[in-house]
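Here is a short report on one protein model. Look at the sequence and the structure first; the notes follow.

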Amino acid sequence: MICNKCGAQNPDGARACMRCGAMLANGAPQNFNQGYNTYPQNQQMNNIAPEPGRGLAIASLVLGIVSFFCVGVIAGILAIIFGAMAKNQGNKSGMATAGIVLGIIGFVLSIFGLIILL
Ligand SMILES: [Zn+2]
């Protein structure tokens with residue numbers, strides 16, 4: 001195994017050059033495996049670091065739906081707050097916007113409901 005970088009002789013199966021520390025190319029099949037293994041690792045990193053404010057956006061959407069159907073003032077306000085917080089954290093999904101819109105509609109409907117009841 002000869003280092004491509006400095007030409008030093010290294011033992012077969014060595015992963016890094018003993019003289020310069022460069023990664024050693026171990027032939028085409030292993031290079032293919034390394035490339036194949038890199039892809040799922042990137043996928044995992046995407047799963048570990050999801051969209052910013054995603055939880056808040058989901059909470060906003062759920063509360064928005066709850067306020068819409070159950071005519072809840074508090075749920076509507078919370079949906080607007082969570083949606084705004086998700087947007088502040090950089091969430092660009094439609095969920096935060098939908099949560100805010102549903103929260104406003106639910107809030108307005110619940111105010112009308114209270115006026116009618118009173
Ligand atoms: Zn080397």
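## Core and confidence

In this predicted model, the largest nonpolar core holds 15 residues. Ala57, Leu63, Ala79 and Phe82 have the most contacts inside this core. Helix 2, helix 3 and helix 4 each supply at least two of the core residues. Helix 3 gives the largest share, six residues.

| Helix | Residues |
|---|---|
| Helix 2 | 54-70 |
| Helix 3 | 73-88 |
| Helix 4 | 94-117 |

Which residues does Ala57 contact, leaving aside its neighbours within four places in sequence? They are Gly83, Ala86, Asn91, Ser93, Met95, Ala96 and Gly99. Of these, Gly83 and Ala86 fall within helix 3, residues 73-88. Met95, Ala96 and Gly99 fall within helix 4, residues 94-117.

Now the whole chain. The protein has four helices and zero strands. From the N terminus on, its elements run α-α-α-α. Buried residues make up 27% of the 118 residues. Take the contacts between residues at least 6 apart in sequence: 52% of them join residues at least 24 apart.

The mean pLDDT of the protein is 73, and 74% of its residues reach 70 or more. Helix 3 has the highest confidence, at a mean of 81. Helix 1, residues 28-48, has the lowest, at a mean of 48. Over residues 28-37 the pLDDT is below 50. Beyond near neighbours in sequence, that stretch has one contact in the model. Where pLDDT is low, the predicted coordinates should not be read in detail.

Definitions and conventions: Residues numbered from 1 in each chain as written. Predicted model: local features only at pLDDT ≥ 70, side-chain atom pairs only at ≥ 80, totals over all residues. Core = buried A, V, L, I, M, F, W, Y, C linked by C-beta atoms within 7 Å. Buried ≥ 20, exposed ≤ 12 C-beta atoms within 10 Å, placed from the backbone. Contact = placed C-beta atoms within 7 Å. pLDDT = per-residue confidence, 0-100.
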